[in-house]
Amino acid sequence: GTFLSIEHKGPAFVGEEIIFEAWVVSVERNELICEYRASVNGRLIAEGKTGQKILKKEKLNRLMQKPDVK
């Protein structure tokens, strides 16, 4: 991912079910931006935004290789 922002609005308590919703805000070239929110019984507890870069498998493999240490 390229970034993650979270704005905490309120607590969720033990045993409560948290509903997560997310939607695509934009897709430009190889970057996907989404917004999301988390709620408990209709009460907003968090919201934010996230970014992802879509990479070719070969590039991702190169980025994940351990550099040679000399």
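Mentor: Start with E16, which counts as partly exposed at 28% relative accessibility. Keep in mind that this is a predicted model.

Trainee: Which residue does E16 form a salt bridge with?
Mentor: R43. Their closest N and O atoms are 3.7 Å apart. The pair links distant parts of the chain, 27 residues apart: R43 is in strand 4, and E16 is in the loop between strand 1 and strand 2.

Trainee: And what about R43, how accessible is that one?
Mentor: R43 is partly exposed, with a relative accessible area of 32%.

Trainee: How many salt bridges does the structure hold?
Mentor: There are 4. One of them joins K9 and E47, with the closest N and O atoms 3.3 Å apart. K9 lies in the loop between strand 1 and strand 2 and E47 in strand 4, so this pair ties together parts that are 38 residues apart in sequence.

Trainee: Why can such side chains pair at all?
Mentor: Opposite charges can pair when the charged atoms come close.

Trainee: Where do E21 and R37 sit?
Mentor: Those two side chains meet in a salt bridge, 3.0 Å from N to O. E21 is in strand 2 and R37 in strand 3, 16 residues apart. Salt bridges with shared partners also join E7, K9 and E47 into one network.

Trainee: Let's step back. What order do the elements come in?
Mentor: From the N terminus on, they run β-β-β-β-α. That is 4 strands and 1 helix. The radius of gyration is 17 Å, well over the 11 Å that the globule rule gives for 70 residues, so the chain is more spread out than a compact globule.

Trainee: What box do the C-alpha atoms fill?
Mentor: Roughly 50 × 30 × 15 Å, along the principal axes.

Trainee: What share of the residues counts as buried?
Mentor: 17% of the 70 residues. The chain exposes about 6100 Å², and carbon and sulfur atoms supply 54% of that.

Trainee: How many bridges join strand 2 to strand 3?
Mentor: 9, and the two strands run antiparallel. Within that pairing, W23 stands opposite E35. S26 has I33 as its bridge partner.

Trainee: What about the turn between those strands?
Mentor: Strand 2 and strand 3 form a hairpin with 2 residues between them. R29 in the turn has a positive phi of about 55°.

Trainee: And how does strand 3 run against strand 4?
Mentor: Antiparallel, with 10 bridges joining them. E31 pairs with K53 in strand 4. The hairpin of strand 3 and strand 4 has 2 residues between the strands, and N41 takes a positive phi near 50° there.

Trainee: New topic. Which residues form a nonpolar patch on the surface?
Mentor: L55, L60, L63 and M64. Together they have about 400 Å² of accessible area.

Trainee: Where does M64 lie, and is it buried or exposed?
Mentor: M64 lies in helix 1, residues 57-64. M64 counts as exposed, because its relative accessibility is 66%, and the cut-off for exposed is over 50%.

Trainee: Last one. Among contacts between residues at least 6 apart in sequence, what share joins residues at least 24 apart?
Mentor: 43% of them.

Terms used. Residues are numbered from 1 along each chain as its sequence is written. This is a predicted model: local features need pLDDT of at least 70, side-chain atom pairs count only at pLDDT 80 or more; totals for chains, interfaces and linings use all residues. Side-chain values use heavy atoms; hydrogens and water are left out. Two strands pair if DSSP finds at least two bridges between them. Patches are made of residues with over 30% relative accessible area and no salt bridge: like charges are joined within 9 Å, nonpolar side chains (Val, Leu, Ile, Met, Phe, Trp, Tyr) within 5 Å. Accessible areas come from the Shrake-Rupley method with a 1.4 Å probe; for residues, only the protein chains shown count as cover. Buried means under 20% relative accessible area, exposed over 50%, partly exposed in between (1.4 Å probe, protein chains only). The radius of gyration is taken over C-alpha atoms; the globule rule is 2.2 Å times the number of residues to the power 0.38. Contact means heavy atoms within 4.5 Å.
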